[in-house]
Amino acid sequence: MASAGLLAAGCSTENDTEATGYGTLSVSCTADTSIDTASAEASGTPEAPAAGAFSLTVTGETGTQKWDTLTEFEQSETVFRMGSYTVAIAHGDPDAEGIDKPYYAAEKSVEVLPRRAATVEMTATIANSQTVVRATEQFLNYFHDAQFTVTTASGNQFDFTPGSTPADEPVFVKSATTLKVTGTARRQSQTGTDEGPKVTFSEQTLEATSPRTCHIFTFDAKDAGSVTLTVTLSDDYTETRQIDCEVNEGAIDDTK
């Protein structure tokens with residue numbers, strides 16, 4: 001049991017539902033692994049955690065009690081004083097960012113009645129976000145050695161190499177966080193004797209990520225001198241931006 005002891009005014013360790021004013025809770029949960037994305041290939045599907053592995057938090061008028069897992073809660077056979085409670089389940093770390101770090105959560109209200117068993121059925125959904133950087137075939141025809149970095153508001157940085165095999169996996173990031181995308185690439189050489197001029201793409205910012213959503217940054221190039229970035233959250237949200245390309249100092253811009 002996560003807490004040091006039960007709240008005396010809120011629940012009892014006597015496990016006696018016949019006592020006046022006490023009832024029990026039965027909590028069952030499932031995990032919904034779906035992520036809102038315009039590309040199934042971009043998001044992937046995380047593995048669903050076992051139902052018994054979810055943490056449980058029960059909050060009533062007198063305070064809050066926590067269990068590390070639903071299995072521990074079931075084994076405790078705790079009874080609760082009659083009244084209104086908020087039941088919350090969670091799995092993962094809401095602040096963790098990286099590959100394979102989904103955070104699941106759900107919350108529900110329940111009324112505990114004397115000498116009754118209140119059943120709470122919950123579906124936990126992914127509460128954090130995902131992001132990934134991609135590039136179109138046209139972009140990769142004009143540029144090579146492209147490297148992009150996504151920086152979150154927490155200061156974590158994730159590198160992406162569009163066109164790599166296997167393709168970069170999306171990373172989980174906090175919801176409601178800011179994402180900044182920076183990157184460089186080389187234009188194709190016109191002489192065949194050098195790597196081509198290295199360019200730096202202007203920093204792009206997404207102000208806030210949405211939970212249960214994969215944020216896809218796709219770089220495109222209709223010609224060697226024009227680069228666009230499409231920010232896609234779902235079929236309902238797509239934003240296209242014109243990107244400035246700065247030729248690094250010392251490089252020769254062979255497109256002029």
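Begin by selecting Gln130, whose bridge partner in strand S15 is Cys214. This is a predicted model, in which local features need pLDDT of at least 70 and side-chain atom pairs count only at pLDDT 80 or more, while totals for chains, interfaces and linings use all residues. Residues are numbered from 1 along each chain as its sequence is written, and side-chain values use heavy atoms, without hydrogens or water.

Next, select residues 129-135 and 214-223: these are strands S9 and S15, which run parallel and are joined by six bridges. Strands are DSSP runs of E with at least two residues, and helices are runs of H or I with at least four, numbered from the N terminus. Two strands pair if DSSP finds at least two bridges between them.

Ala185 counts as buried because its relative accessibility is 1%; buried means under 20% relative accessible area, with a 1.4 Å probe and protein chains only. Beyond its neighbours within four places in sequence, Ala185 is in contact with residues including Phe143, His144, Pro197 and Phe201, where contact means heavy atoms within 4.5 Å. Leu140 lies 45 residues from Ala185 in sequence and 9.6 Å away, C-alpha to C-alpha.

Finally, display the whole protein chain, which has three helices and 18 strands. Of its 256 residues, 41% count as buried.

Notes:
Buried means under 20% relative accessible area, exposed over 50%, partly exposed in between (1.4 Å probe, protein chains only).
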